Amino acid sequence: MRYGAIKNKPVETSLTPLAILRRIKGERMPFFLDSAKGDKKLGNKSYLGCNPRETLKSRGSEIVVEGRDSRHLMAEDPLGVLRELLDKYPKAESSSGLTCGAVGCLSYDFAAHNLGINFTNEKPAEVWDLFFGIYTSVLEWDTGSGKYTLHYLDETEVGFWEKVLSEDLKAEEDEDGWEKRLSGLIFPEEDLYCDGFRKIKEHIRKGDVYEVNLSQCFEARDTADPVALYTQLRKKNPADFMTYMDFGPYQVLSSSPERLFECRSRVVTTRPIKGTIARGKTAEEDLEARETLIHSEKDISELLMIVDLMRNDLSLSCIPESVRVDEMYRLESYANVHHLVSTIEGRLREGEDAISLMRHVFPGGSITGAPKRAAVEVIEEVEAFSRGIYTGSLGYFSLNGDADFNILIRTILKQGDRCCFYGGGAITWDSDEEVEYDETIAKSSPLIDLFTTLDDEDEA
């Protein structure tokens, strides 16, 4: 089937993006790519959409396509099948950002397929390795101007959004019954983390790896509506690469501060994070924490190892001489922690695109380690559970060739009343076991705060 051109038009409404999300949450696969922190240097656009025209999901070599050309197949390249789906649609080359296209998630477990490693750890939740929808209407919100633009393929989609944005619809309750929820949190066993820490130290001693990201899984029960839970997460920990997406059987709620990569007009930017310190309780303590982190030789060394890894990864898709470190490291502050962040850029070479770039950079080096393949193998050995969506990526491949994906840290996976999330950090030879464990708690504290502790009867 041949499609017409992607069109766009300004739309006016007094509704906030969150209010719009509440209105579309009952549609199929609604998403909100949310620049909640509003850093103009990182892009000030947010996007909402629902009701994809087609979907693609994969687990290993099993691929399921649903839509106009539904099929179930076994293939070695699910990203290649996704490209074939996108190639049926017009390119929308006159606009930047998400102008319709594929929006979805690669779970960390896609690394097994991408790197050719066998993952055998128990899965705390069953999710697809890759799950994308092809969206032919997208509502864009400019966080700076507060203006909305609708990108769409045909006029029937305009009518749908006009109804969604109608001021006559019944106003939603902001909290969606938040206070009536039942909630509880189970902490992971500290001994499991410490055992993994010591095993990683042994691998470093033997020269197998230089740095490995070690994480632990928290589990919770929560009866809240997923959008209400996301609203609270957004209040507690606003970040530049937040996302909400409902995949049907499960929802992904992320307050990620980290970008895996952005591809804009064939210029690629990646922003690895390495180096973390908890914020101080007073202004003086917070300033002291900032100074400690910015002068920490250990944290800077961790970051520089990942900078080298990401430079090499980008060089597989980019013109080698175009790859450069734009910013070696800078300090960024969030609700509960300070981070060190680097910025690396490159330009795609002829014959490469955002999808081939994803093959070369996934999973991100900051959440695996160095060397990457060896670090992934060590993670599989020492962590008790499969990571699932944690440290995977959620974002878009736009019909104009642009792409933008976060790294799914500070992220909740919700399935019914069951929730899980992870906290982790880099282990090097200089790492201290107690300090690293405390860092995983500090990073996870906004998510921990969303849930109350289960009593002994519930834990049993």
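Me: Which residues in α2 meet α9?
Reply: In this predicted model, Leu79, Gly80, Arg83 and Leu86 are the α2 residues in that contact. Over in α9, they meet Ile355, Ser356, Met358 and Arg359.
Me: And how many of those are nonpolar, polar or charged?
Reply: The contact of α2 with α9 has 4 nonpolar residues, plus 2 polar and 2 charged ones.
Me: What angle do α2 and α9 pack at?
Reply: About 165 degrees, and their axes are 10 Å apart. Angles over 145 degrees count as roughly antiparallel, so that's how α2 and α9 run relative to each other.
Me: Is their crossing left-handed or right-handed?
Reply: The crossing of α2 and α9 is right-handed.
Me: OK, switching to α5. Where is it, and how many residues does it have?
Reply: α5 covers residues 190-205, which makes 16 residues. From first C-alpha to last it reaches 23 Å, close to the expected 22 Å.
Me: Which of its residues are buried?
Reply: Quite a list: Tyr193, Cys194, Gly196, Phe197, Ile200, Lys201, His203 and Ile204.
Me: How does α5 pack with α10, then?
Reply: At an angle of about 145 degrees, with the axes 10 Å apart. From α5, the contact uses Gly196, Lys199, Ile200 and His203, and from α10 it uses Val378, Glu381 and Val382.

Methods. Residues numbered from 1 in each chain as written. Predicted model: local features only at pLDDT ≥ 70, side-chain atom pairs only at ≥ 80, totals over all residues. Heavy atoms only, no water. Axes fitted to C-alpha atoms, helices over the stretch in contact; angles between N-to-C directions. Helix = DSSP H or I, 4+ residues; strand = E, 2+ residues; numbered from the N terminus. Parallel < 35°, antiparallel > 145°, perpendicular 65-115°, else oblique. Left-handed = near helix turned anticlockwise from the far one by under 90°. Contact = heavy atoms within 4.5 Å. Nonpolar A, V, L, I, M, F, W, Y, C, P; charged D, E, K, R; others polar. Expected span 1.5 Å × (residues − 1). Buried < 20%, exposed > 50% of the residue type's maximum accessible area, 1.4 Å probe, protein only.
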